[in-house]
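Trainee: Please take me through this model, with the criterion behind each term as it comes up.

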Amino acid sequence: VLASLAAEPPAAAASGTPPTPDSALLAACAPHVHPATLRAVIAVESGGDPLAVNINGGPRVRPRTVAEAVRVARAAVRRGHSVALGLMQVNSRNLPV
């Protein structure tokens with residue numbers, strides 16, 4: 001899913017605007033939640049940035065690549081922080097180890 005979220009359509013890449021997940025992706029991730037609700041949560045939590053990393057007790061980071069996002073998140077977790085990740089800012093403590 002992260003690879004799907006990180007891929008930008010050419011228009012979004014050219015404009016600098018984060019891509020908006022399509023309805024099929026939203027339905028696959030949360031089939032019982034209306035897409036408009038998911039888009040509202042995404043807008044508030046990450047501003048539509050699929051690579052957003054918020055280090056709890058630290059700064060919000062705006063990595064430019066998936067690799068950078070992974071590196072920053074893993075380093076913060078190793079230092080004892082939890083991190084909020086991606087479009088909906090899911091907390092790292094909710095992820096499988």
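Trainee: Is Ser92 buried or exposed?

Mentor: Buried means under 20% relative accessible area, exposed means over 50%, and partly exposed lies in between, with a 1.4 Å probe and protein chains only. Because its relative accessible area is 17%, Ser92 counts as buried.

Trainee: What pLDDT do local features need here?

Mentor: Residues are numbered from 1 along each chain as its sequence is written, and side-chain values use heavy atoms, with hydrogens and water left out. The model is predicted, so totals for chains, interfaces and linings use all residues, side-chain atom pairs count only at pLDDT 80 or more, and local features need a pLDDT of at least 70.

Trainee: Which residues does Ser92 touch, leaving aside those up to four places away in sequence?

Mentor: Ser92 sits in the segment after β4, where helices (H or I, at least four residues) and strands (E, at least two) are DSSP runs numbered from the N terminus. With contact taken as heavy atoms within 4.5 Å, Ser92 touches Val77, Ser82 and Val83.

Trainee: In what order do the four strands form the open sheet?

Mentor: Two strands pair if DSSP finds at least two bridges between them, and β1 (residues 53-55) is joined to β2 by two bridges, running antiparallel. The edge strands, each pairing on one side only, are β2 (60-61) and β4 (90-91). The open sheet has the order β2-β1-β3-β4.

Trainee: What angle does the direction of helix α5 make with that of β1?

Mentor: Axes are lines fitted to C-alpha atoms, for helices over the stretch in contact, and angles run from 0 to 180 degrees between N-to-C directions. Helix α5 (residues 66-78) packs on the sheet, touching β1, β2 and β3 (83-85), and its direction makes with that of β1 an angle of about 15°.

Trainee: How far apart are the closest N and O atoms of Asp49 and Arg62?

Mentor: A salt bridge requires a side-chain nitrogen of Lys or Arg within 4 Å of a carboxyl oxygen of Asp or Glu. Asp49 is buried at 15% relative accessibility, whereas Arg62 is partly exposed at 42%. These two residues form a salt bridge in which the closest N and O atoms are separated by 3.1 Å.
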